[in-house]
Amino acid sequence: MKRKYIGIERKEARWGFAFTVPAILFFSVFSFYPILNALYTSMFDKRVLSLLPPDFMGLGNYTYIFTSPDFWNSIRATFVFTLGTFIPIVIFSLMIATFMVNLKSKHARGFFQIAFYTPAVISSVVAAAIWLLIFDPRGLGNQWVNALLNTPGIDRKWLADRTMVQVSTIIVYFWKYIGYFVILFITGLSAIPPAIYEAATIDGSSKWQAFWRITLPLLKPTVVLVSIMAMLQCLKTFSTQYLFIQGGAPRAPINVITLNIYTTGIRNQRIGRASAMSIVLFLIMLIFTWLQFRFSKSEEVEY
Amino acid sequence: MEDSIKRIPWASIFIWTALILVFVFTVMPLVFMFTSSFMTSRQIVRMPFSWIPETFHYDNYIKALQGNDGSWIFPRNVFNSLFVSITVAITTILIASITGYGIAKFNFRGRNLIFMMIMATMMIPFEAIMIPLYMVATGLRMQDTYAGLIVPFLVSAFGVFQMRQYLTTFPSEYLDASRVDGLGEFGIFWRIVFPNCAPVIATLGILSFRGQWDNLLWPLLVTQSEKMKTIPLYISKFAEEKLTDEGAMMAVAVIASLPMFIMFGALSKYFIGGSAVYESRKG
């Protein structure tokens with residue numbers, strides 16, 4: 001009897017391995033090996049076109065990139081984009097979600113959900129292409145802003161001015177992902193039991209008070225998690241900036257880290273240097289991911 | 001409640017105004033894409049912009065398919081995008097569900113380690129490993145091939161994670177009953193477990209399809225010839241030459257968006273439901 005039991009256990013283990021090993025092999029070759037390889041290569045002066053074996057240079061690539069104004073500019077561009085995007089996105093999507101939860105008509109809510117989410121459905125390259133035309137000097141961007149501010153004929157230089165081109169990339173991202181974050185917040189808001197609001201209304205609190213005193217504190221974990229998610233996405237941005245530069249925008253203001261890795265590694269064939277940049281990007285994102293895990297563990301609320 | 005009918009509902013007016021403004025902001029650029037795809041370039045940059053095409057200028061679509069150089073390469077690029085995205089969606093669903101099943105329902109030594117390893121890969125962003133991945137692809141002679149476009153995305157850690165979470169709650173009694181009935185382990189997976197994963201399969205399929213449909217960075221690295229390129233690359237080439245033909249560029253954009261709009265129309269609840277979970281690793 002005992003022997004047979006062991007037999008079943010063995011059989012189970014064998015099938016468990018059979019089902020999971022292919023994926024593990026896959027991740028080893030296409031995730032673990034590359035990140036270790038990036039770490040290793042970042043210590044060498046590796047250039048693809050050179051036939052000589054690469055020279056070991058220790059942390060040389062890191063000292064190089066951390067003393068290069070070009071890489072600092074990339075870090076600046078990435079953080080300007082990340083902060084400039086996630087702060088407005090979180091604030092506005094929270095506001096919009098609160099408005100939508102307060103809509104009495106279920107149909108209207110469903111309609112707005114679908115409409116706001118639609119830009120997230122199209123690909124980021126298409127989004128960038130559309131806005132490239134809107135930001136044309138004679139395009140809709142200037143026409144709308146001038147109509148709103150009553151300043152006919154002024155060109156805002158959406159794609160030409162240093163500051164404006166950063167604002168433009170932020171607008172594209174904001175437009176594309178606002179609906180996505182609205183839905184995340186609606187999910188969070190719907191999890192707050194209505195009984196709490198009923199109790200507050202009986203106690204005589206206004207909707208405004210209820211939002212600041214009840215909704216926001218209870219929603220804090222969602223806000224933190226959504227913020228970190230938004231930041232992680234923004235740190236990886238590539239398509240919008242790439243397309244804008246292809247479309248003639250100046251490179252320097254929007255030369256985010258991913259774009260710099262691509263140019264350094266693929267266009268200029270400086271693999272070692274690009275690997276060091278990759279490792280820096282990886283570490284920045286690792287810190288945010290770690291924060292995300294910490295918050296998602298410690299901040300679980302029970303109502 | 002009686003007197004609230006007479007009072008002007010300011011809050012409600014404010015909410016509706018705000019939502020309608022957001023609606024205008026999100027939808028206008030999409031409307032712009034559609035209408036301007038039927039306009040001549042001259043009309044697109046006319047001030048003030050008129051939203052209705054003065055003539056139905058479907059030439060843009062012919063030009064979009066034909067390309068600026070008249071090579072008719074775009075249909076091939078559309079096929080590439082479809083082929084890569086569909087293949088990746090299918091392999092992700094299959095491999096993620098079988099791996100998730102193995103982790104969720106089988107007891108073996110190292111199971112937790114395997115799960116932790118797969119979770120750990122979610123922390124490795126594609127952007128940080130694209131350079132070494134490019135060298136792996138070169139080493140395996142996968143440059144400029146479908147294998148090169150597909151293989152790095154065969155399965156996603158996020159997919160395995162989703163499947164594992166979903167299948168942990170799957171009642172083991174069904175599995176044992178099927179074993180008693182003499183069904184083999186693969187048979188159990190294929191006939192009992194897999195069909196029961198439908199909701200996760202839909203979400204995961206959409207996510208993986210979108211990931212590749214949207215992927216610009218990897219095809220940019222791994223493809224060289226025009227005939228292996230995908231839609232995002234074709235669009236970025238158009239953007240480079242945009243001053244020559246805005247209308248055709250928007251026609252390309254419409255064609256590139258159609259599959260997504262169709263899927264969104266048919267399966268919007270999986271899109272919106274799927275966005276409520278973390279999209280930790282996109283291609």
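The centres of domain 1 of chain B and domain 2 of chain B, taken over C-alpha atoms, are 33 Å apart. Keep in mind as you look around that this is a predicted model. The domain assignment of chain B places domain 1 at 2-66 and domain 2 at 74-274.

Let us begin with the contact inside chain B. Domain 1 of chain B brings 14 residues to it, and domain 2 of chain B brings twelve residues. On the domain 1 side, the elements that give two or more residues are α1, α2 (41-44) and α3 (59-66) of chain B. Of these, α3(B) gives the most, with five residues.

Now for the contact between the chains. Here 74 residues of chain B touch 78 residues of chain A. On the side of chain B, two or more residues each come from α1 (10-36), α4 (74-105), α5 (111-121), α6 (126-139), α8 (157-168), α12 (217-222), α13 (231-240) and α14 (246-274) of chain B. The largest share belongs to α1(B), which supplies 13 residues.

The table sets out both sides by residue class.

| Side | Nonpolar | Polar | Charged |
|---|---|---|---|
| Chain B, touching chain A | 56 nonpolar residues | ten polar residues | eight charged residues |
| Domain 1 of chain B, touching domain 2 of chain B | seven nonpolar residues | six polar residues | one charged residue |

Terms used:
Residues are numbered from 1 along each chain as its sequence is written. Chains are lettered from A and ligands numbered from 1 in the order in which they are written. This is a predicted model: local features need pLDDT of at least 70, side-chain atom pairs count only at pLDDT 80 or more; totals for chains, interfaces and linings use all residues. Two residues are in contact if their C-beta atoms, placed from the backbone, lie within 7 Å. Helices (H or I, at least four residues) and strands (E, at least two) are DSSP runs, numbered from the N terminus. Ala, Val, Leu, Ile, Met, Phe, Trp, Tyr, Cys and Pro count as nonpolar, Asp, Glu, Lys and Arg as charged, and the others, Gly among them, as polar. Domain bounds come from an automatic or database domain assignment.
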